[in-house]
Amino acid sequence: MGKRSNLSSLTLVLLVANFLHTAESQQSFITEPTGVSVVIGQTITLLCSVSDKAGSIAWTKKVPISIERNIIDPNNRDRYSIIGDNTGEDFNLQITSAELTDAGDFQCLVTASGSDPDIQSVSATVEVIDVPIQAFTTQPSNTNVPVDTSATLQCSVVDKAGFLQWEKDGVIISNDTNILDPALTTYSIVGDSAQGTYNLQILLAQESDEGVYRCVVTAAGFSEQITSNTAVLSISTSGQRLEILPSNTVAREGTNTRLLCRVADKAGVQTWLKNGQQLNEDTNVIVADDRYTIAGDQENGEYFLDITNISPDDAASYFCTVSGVDGDTPISSGGATLTVTVEPTISIELIPTDVLVDEDDSVTVQCAASGNPAIIDYTWYYNGIEVTSGDSRFVIETTAARDSSYLQIVSATDSFDEGVVSCEARNRIDRETTYAVIKVQESNIYTIVLVAMILIAIIVFIVIFALFIAPCLYSKHMKKSRVSNDENLIATISDKLQHNFFITGNGHVPSGDGKSSRRKHRHKRRHHKHKVIDHEAKKAEKKLKAIEKDVIYEDPDSLKTSKKHSKSDIYPEPRYVEYPLSTPRKSLDVEAGKRSTRASLDILRPLSQTPELKTIDEIGKRNSKDRRSGSRRSSKATSSSSGRRQSSDRRSSKSSSHKVSLSPGEYAAREEYDKKLRELSDIREGLVDDTKSKK
């Protein structure tokens with residue numbers, strides 16, 4: 001009984017031990033793959049670990065991809081691999097540079113072996129997302145610039161996701177467009193950040209700015225951190241150095257373009273590099289392509305690379321370098337990218353293309369562009385360095401319609417502002433660049449001084465002429481005009497005395513009644529009008545006409561045949577007439593004590609003996625004598641007409657047998673006539689005084 005019980009217990013123990021041994025030796029998964037989503041270009045890793053592996057392990061994607069550690073898919077052998085401990089249990093599948101074709105369901109399986117059955121992992125779905133990853137399109141390169149000039153280190157990123165940072169000697173100095181160190185006042189980030197351009201520009205570079213620079217873009221989203229290569233910035237205080245650097249250029253296929261480079265104090269050999277390929281040695285092009293030529297003024301250090309009939313193969317990065325010699329350090333510009341477009345999308349023009357400006361003057365250059373799509377922005381470069389708003393030497397203005405942009409050089413200097421101005425116009429898919437040469441000429445101080453002296457001499461002459469010469473000429477002219485007017489006035493009055501009052505050549509007063517005489521006189525004046533010389537003569541003429549209307553003409557000759565008198569009363573032709581005046585004669589003395597003018601008319605002289613009166617002066621001379629004799633005679637006149645005739649007879653008998661007395665009618669006519677002549681004499685006196693006062 002005891003023996004049978006011990007046997008049963010042993011058998012049970014053996015069965016359990018055998019079961020446990022069988023269970024432990026069967027193959028099984030330790031780690032199975034899981035689904036994952038990645039962006040194009042990323043790396044994919046699918047995990048698979050097996051314990052007590054007995055059969056063969058394989059990865060499948062509907063079809064076998066690998067067996068054990070060998071990739072059997074010929075299309076993916078360069079990107080697919082099995083990683084892990086080759087002596088261990090790890091058989092992980094790794095896919096680099098993921099592509100859209102990598103998307104699908106992956107599974108890890110182990111074939112049966114012996115008592116171990118087949119085992120299969122869960123299915124893992126891989127999703128590849130078509131999202132671009134940030135990457136550099138332009139990286140900084142070694143740069144050498146002269147002291148006190150601008151230096152630009154280039155850095156451009158496509159599909160930027162993180163922050164772009166510049167580092168100087170390993171220290172971060174910027175974050176995107178912000179300079180973090182406030183002490184770096186000459187540092188700025190320039191370029192179109194919307195297009196991923198974050199160039200580092202240093203104005204008026206000094207030796208303290210020398211160092212090692214690089215740009216870094218931090219990881220974000222599906223993009224990993226990327227770091228550019230390093231660039232050494234050196235500042236030259238002497239020796240050869242680059243004054244004009246090549247800049248990025250966009251050109252259309254089949255057109256021509258030019259890349260700029262100017263070297264100061266050149267000692268070595270200048271060379272253009274196209275993606276590292278040497279194109280020339282100074283002016284000698286060493287490649288078998290006649291589309292490449294070296295242009296510019298080599299004596300001035302200009303080595304411009306001209307490319308004609310551009311083709312897509314010309315798209316590359318170009319560097320301007322100069323070899324070191326005799327202790328001069330080799331120098332090189334940054335890479336300038338030439339982009340070639342197939343169809344024209346931008347038309348651009350720089351006005352003018354050649355500018356000559358005087359030293360210290362300002363000049364404005366216009367960049368006019370149009371495109372399809374429309375122009376969105378302009379970028380100006382001066383000697384290959386981008387012009388920014390922080391540079392006080394320049395003023396940039398762009399129209400609201402983006403059809404033109406203007407660059408003004410505020411004050412050109414011969415040593416600093418002579419160079420090449422480039423304008424880049426950009427639309428959504430393309431960019432075009434054109435340039436203009438600015439040359440500054442020294443101002444000619446001698447020419448300026450000479451012109452200034454000529455202007456001063458002209459001004460002085462004008463002042464002297466206005467103050468001295470012109471008044472003298474005007475005074476002389478007016479004096480001649482007054483003399484001429486006075487002579488004409490005297491002649492006019494004399495003529496009026498002779499014609500308007502009908503004093504004839506023999507001294508007789510013409511016969512006829514007053515009305516017929518006035519009618520004849522008016523008829524005569526209508527046909528014989530005298531020219532009025534000036535306003536004074538015109539006034540005198542008006543006064544004479546007024547007096548003329550009131551004169552009563554009485555012809556003494558008619559008395560000879562009057563029926564009222566007998567032959568004994570017929571008077572001979574009078575030679576001297578004397579009669580008392582009804583009113584005292586007005587004195588014609590003017591300004592007593594200074595001068596005396598006698599202007600009375602010859603009314604007392606016998607008319608038969610009076611010669612023809614031609615001028616007022618002759619009348620005045622005669623009247624001055626008659627006034628003296630007439631004043632003595634007038635005091636003896638009587639109040640009655642008979643007394644007057646007797647007194648007249650007595651005086652006439654003493655003086656001359658031709659003197660006769662006048663009848664009452666003759667006396668009245670003579671008295672009225674004498675009154676009018678005195679009025680006329682007063683007018684003449686006033687005119688003479690006015691003429692003398694003007695002189």
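The points below concern a predicted model and are grouped by topic.

**Disulfides**

- A search of the whole structure finds four disulfides, and with the bonded cysteines numbered in sequence order the pairing is 1-2, 3-4, 5-6, 7-8.
- C48 and C108 are joined with an S to S distance of 2.0 Å, and the link is left-handed, with -65 degrees about the S-S bond.
- C48 lies in the loop between β3 and β4 and C108 in strand β10, so this pair ties together parts that are 60 residues apart in sequence.
- C48 counts as buried at 0% relative accessibility, and C108 is buried with a relative accessible area of 0%.
- The sulfur atoms of C155 and C215 are 2.1 Å apart; the torsion about their S-S bond is about 80 degrees, so this disulfide is right-handed.
- C155, in the loop between β15 and β16, and C215, in strand β23, are 60 residues apart, and both are buried.
- C367 is joined to C423 (S to S 2.1 Å) in a left-handed link with -85 degrees about the S-S bond.
- Strand β41 holds C367 and strand β46 holds C423, so the pair ties together parts 56 residues apart in sequence; both cysteines are buried.

**Largest pocket**

- The largest pocket holds about 850 Å³ of space.
- Its lining has 47 residues, and S156, T197, N248, E424 and R431 lie nearest the centre.
- Elements giving two or more residues to the lining include β13, β16, β27 and β46, while β42 gives the most, with five residues.
- The lining residues divide into 13 nonpolar, 24 polar and 10 charged.

How values were computed:
Residues are numbered from 1 along each chain as its sequence is written. This is a predicted model: local features need pLDDT of at least 70, side-chain atom pairs count only at pLDDT 80 or more; totals for chains, interfaces and linings use all residues. Side-chain values use heavy atoms; hydrogens and water are left out. On a 1 Å grid over the protein atoms alone, a cavity is a set of points where a 1.4 Å probe fits but cannot get out, and a pocket is an open set with protein on both sides within 12 Å along at least five of seven lines; lining residues have an atom within 4 Å of a point. Grid points are joined across faces, edges and corners, and a volume is the space filled by probe spheres set on the points. Helices (H or I, at least four residues) and strands (E, at least two) are DSSP runs, numbered from the N terminus. Ala, Val, Leu, Ile, Met, Phe, Trp, Tyr, Cys and Pro count as nonpolar, Asp, Glu, Lys and Arg as charged, and the others, Gly among them, as polar. A disulfide is a pair of cysteine sulfur atoms within 2.5 Å. Buried means under 20% relative accessible area, exposed over 50%, partly exposed in between (1.4 Å probe, protein chains only).
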